[in-house]
Amino acid sequence: MNNPYLLLTPGPLSTSATVREVMMKDWCTWDDDYNQGVVQPIRRQLVRLATARPGYTSVLMQGSGTAGVESVLGSAIPAEGKLLVLSNGAYGRRMGDIARCLGLSLATVDVADTEPLSAELLTRALAADPAISHVAFVHCETTTGILNPLAELCQAAKAAGKTLIVDAMSSFGGVPMDVGDLAIDFLISSANKCIQGVPGFCFIIAREASMRQCEGRARSVSLDLFDQWQCMEQQGGKWRFTSPTHVVRAFAQALTELELEGGVAARHHRYQSNQRALVDGMARLGCEPLVARDWQSPIITVFAAPTSPDYDFKRFYIGLKEQGYVIYPGKVSAVDCFRIGTIGEVYQADVAGLLAAIENVIYW
Ligand SMILES: *Cc1c(COP(=O)(O)O)cnc(C)c1O
């Protein structure tokens, strides 16, 4: 059961055959084999991955990563609260869209896609508007692969006494962080990114005290974070509504494989090696990354498209796909570019294979 091509994308990404294999069995959503045997261990493992500090909990939620963001924004902010969203890419701006759709009181600070967010910017925005109660931003902005300065941003939000929401969708499990040390109130990630599971649900790691405050605040029934958490807490891992059982079982296997690899530090090291090999190889082909080295994450890299009139993304994409590699189109507004992910079941040999494939279809 091999894949016809490798996904060099930010998720869904290439998973191991062993992760895919465990989906060959059916599970009953209310049976102990599933809830106590699969869901509860996952919830505990996620908390252990997130922090060594006490007082944290986790909850799994149906839907793609965006559902997790919507669940947190819709459940954490009280009617009298106000949310500040800092953005420097499509995923940050999507948080603003969600807040507007939910009718939340909202302030936004939007930075250019190719620039990182900064603590100074956050501190200034908070000083300008004392009504702000909650702060949200993206850690690894997958639009560009920029790794925003997490520690500085968290510190600035906490120094001002704000509740902190971090979209760590494409970094959690692949970039070391301690959610407790950072004092993050709600961290959101999903099954199909650095944990290397298959798509179908997302998860939230939260400070228990902050989670308790969500009671009665939700603006949606199916995305009610507090209700989902209470059900899982009180009924031994039970989801309120049909859960993606096969996907959850695959995620349990993916967590085991993360541990076998040596944990987040080892995975981070592999992603970094992949990304360095990619950038070095692309430089040899005359193609430079768009993001400055200081801000570049090991997750995904944007390359400016060749300026040659012969270049056409679709043709380039198909040429690579025929050789077994799928890359990603660019998402930076106003710049013609493409993206290559270096996460998932991807190793140095795969990056070398990709570079050889690029050389075969190069027309610039
Ligand atoms: C993947 C991703 C999301 C969620 O996207 P979905 O398509 O809903 O899974 C949100 N934020 C970031 C930073 C992401 O990389």
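Author: Lys193 is buried, at a relative accessible area of 10%. This is a predicted model: local features need pLDDT of at least 70, side-chain atom pairs count only at pLDDT 80 or more, and totals for chains, interfaces and linings use all residues. Residues are numbered from 1 along each chain as its sequence is written, and side-chain values use heavy atoms, with hydrogens and water left out.

Reader: Why is Lys193 called buried?

Author: Buried means under 20% relative accessible area, exposed over 50%, partly exposed in between (1.4 Å probe, protein chains only). Lys193 has 10%, so the word buried applies.

Reader: What makes Lys193 a residue that UniProt marks?

Author: The unreviewed UniProt entry places "modified residue: N6-(pyridoxal phosphate)lysine" at Lys193. UniProt positions are given in the numbering used here, feature names are shortened, and annotations may be inferred rather than shown by experiment.

Reader: Where does Lys193 lie, and which residues does Lys193 touch?

Author: Lys193 sits in the loop between strand S9 (186–190) and strand S10 (201–207). Strands (E, at least two residues) and helices (H or I, at least four) are DSSP runs, numbered from the N terminus. Lys193 touches Pro10, Gly11, Leu13, Met169 and Ser170, leaving aside residues up to four places away in sequence. Touching, or contact, means heavy atoms within 4.5 Å.

Reader: Which residues are around the ligand?

Author: Among them are Thr66, Thr142, Asp167 and Lys193. A residue counts as near if one of its heavy atoms lies within 4 Å of the molecule. Helix H3 (65–76) and helix H4 (90–102) each supply at least two residues of this shell.

Reader: Is Arg339 buried or exposed?

Author: Arg339 is buried, because its relative accessible area is 3%. Arg339 is in strand S14 (residues 337–341). The unreviewed UniProt entry gives Arg339 the feature "binding site". Among the residues that Arg339 touches is Thr142, which is also around the ligand.
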